[in-house]
Amino acid sequence: MPRQSNPSSIFSKRLRQAREDAGLSQKELGILAGLDPFVASTRINRYEQDVHAADLATAKRMAKVLGVPLAYLYADSERLARMIRAFSKLDAAGQEKILKEAESG
């Protein structure tokens, strides 16, 4: 049976990857997500180091800033994370096409 990953460590890994992909520093992400500028860098660092967990509202704001769906930050497999991210970039017609194909089996 596959070993389950710790959800917070998954979040930490995906947050860092999305932030780096967006070309933002920890401080920039924190400020853009509405954190106090004096603690923004430290807070994001602690989320990425899995020292503290972000509450849902903060996670939503960070996902929005990073341009990724919230589900991406919590996806428990790399393949699913990639699918969520790619799917979110499609227009409605493209998403519907992929859904129909996936649902048909």
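**Briefing: an all-helix chain and its aromatic contacts**

The accessible surface of the chain comes to about 7000 Å², and carbon and sulfur atoms hold 54% of that area. Such areas come from the Shrake-Rupley method with a 1.4 Å probe; for residues, only the protein chains shown count as cover. The model is predicted: local features need pLDDT of at least 70, side-chain atom pairs count only at pLDDT 80 or more, and totals for chains, interfaces and linings use all residues. Residues are numbered from 1 along each chain as its sequence is written, and side-chain values use heavy atoms, with hydrogens and water left out.

**Overall build**

- The chain has seven helices and zero strands. Helices (H or I, at least four residues) and strands (E, at least two) are DSSP runs, numbered from the N terminus.
- Along its principal axes, the C-alpha trace spans about 50 × 35 × 20 Å.
- Of the 105 residues in the chain, 30% are buried. Buried means under 20% relative accessible area, exposed means over 50%, and partly exposed lies in between (1.4 Å probe, protein chains only).
- Take the contacts with a separation of 6 or more: 49% of them join residues 24 or more positions apart. A contact means heavy atoms within 4.5 Å.

**The aromatic pair**

- A search of the whole structure finds one aromatic pair.
- F11 and Y74 have ring centres 5.1 Å apart and planes at 40 degrees, so the pair is tilted. Rings of Phe, Tyr and Trp (its six-membered ring) pair if their centres lie within 6.5 Å; planes under 30 degrees apart are stacked, over 60 edge-to-face, and the rest tilted.
- The pair links distant parts of the chain, 63 residues apart. F11 is in helix α1 (residues 7–22), and Y74 is in helix α5 (residues 70–74).
- F11 counts as buried because its relative accessibility is 5%. Y74 has a relative accessible area of 37%, so Y74 is partly exposed.

**Charges over Y72**

- R14 lies over the face of Y72, at 5.9 Å from the ring centre.
- R85 also places its charged end over the ring of Y72, 4.9 Å from the centre.
- A charge sits over a ring if NZ of Lys or CZ of Arg is within 6 Å of the ring centre and within 35 degrees of the ring normal.

**A loop residue**

- Q49 is in the loop between α3 (40–48) and α4 (56–66).
- Q49 has 43% relative accessibility, so Q49 counts as partly exposed.
- Q49 and S9 are 40 residues apart in sequence, and their C-alpha atoms are 8.1 Å apart in space.
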